[in-house]
Amino acid sequence: MHTPGQMEFIKLTSLLIEYLAVAIIVGMVGYSTLRYIVDLVTRRKTPHANYLSYKHTLGKALLLGLEILVAADVIRTVALEPTLINVAALGLLVVVRTFLSWSLVVEIEGH
């Protein structure tokens, strides 16, 4: 088993990874929205092209954020409490996030 110091380090690491995922998602939503507005105002591209670019950028940010959140969940579950219930919950989370990721890829690629 892990020492209390190791467990705290693992919890902190997992939490920092989750914060990183949230920061990436929030930061990219802000950046993408600002870029979308600037592109609309400057009319560098057609409105439809601006929308597609915005949608792709948001989708990629969400995909990356979801993958990082899965990594944090795996670290927390495997390293801290690898009980059957926690592993089953992790499996369910991974399935749900995988479905969301697949849905985002379909939406981004359009098929």
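This is a predicted model: local features need pLDDT of at least 70, side-chain atom pairs count only at pLDDT 80 or more; totals for chains, interfaces and linings use all residues.
In which helix do Glu 8 and Lys 11 both lie, and how many residues apart are they? Good morning, and thank you for your attention. To answer the opening question, Glu 8 and Lys 11 belong to helix H1, which covers residues 4-42, and they sit three residues apart, or about one turn of the helix. Their side chains form a salt bridge in which the closest N and O atoms are 3.9 Å apart. Lys 11 counts as partly exposed, because its relative accessibility is 41%.

In total, seven salt bridges are counted in this model. I shall describe two others.

One of them joins Asp 39 to Lys 45, with an N to O distance of 3.9 Å. Is Asp 39 buried or exposed? Asp 39 is buried, because its relative accessible area is 7%, and buried means under 20%. Lys 45, by contrast, is partly exposed, with a relative accessibility of 34%.

Let us turn to helix H2. This helix spans residues 47-79, and within it Asp 73 and Arg 76 are three residues apart, so about one helical turn separates them. The two side chains meet in a salt bridge, at 3.2 Å from N to O. Asp 73 has a relative accessibility of 8% and therefore counts as buried, while Arg 76, at 28%, counts as partly exposed.

Finally, this pair has further partners. Asp 73 and Arg 76 are linked with Glu 18 and Arg 97 in a network of salt bridges.

Conventions. Residues are numbered from 1 along each chain as its sequence is written. Side-chain values use heavy atoms; hydrogens and water are left out. A salt bridge is a side-chain nitrogen of Lys or Arg within 4 Å of a carboxyl oxygen of Asp or Glu. Helices (H or I, at least four residues) and strands (E, at least two) are DSSP runs, numbered from the N terminus. Buried means under 20% relative accessible area, exposed over 50%, partly exposed in between (1.4 Å probe, protein chains only).
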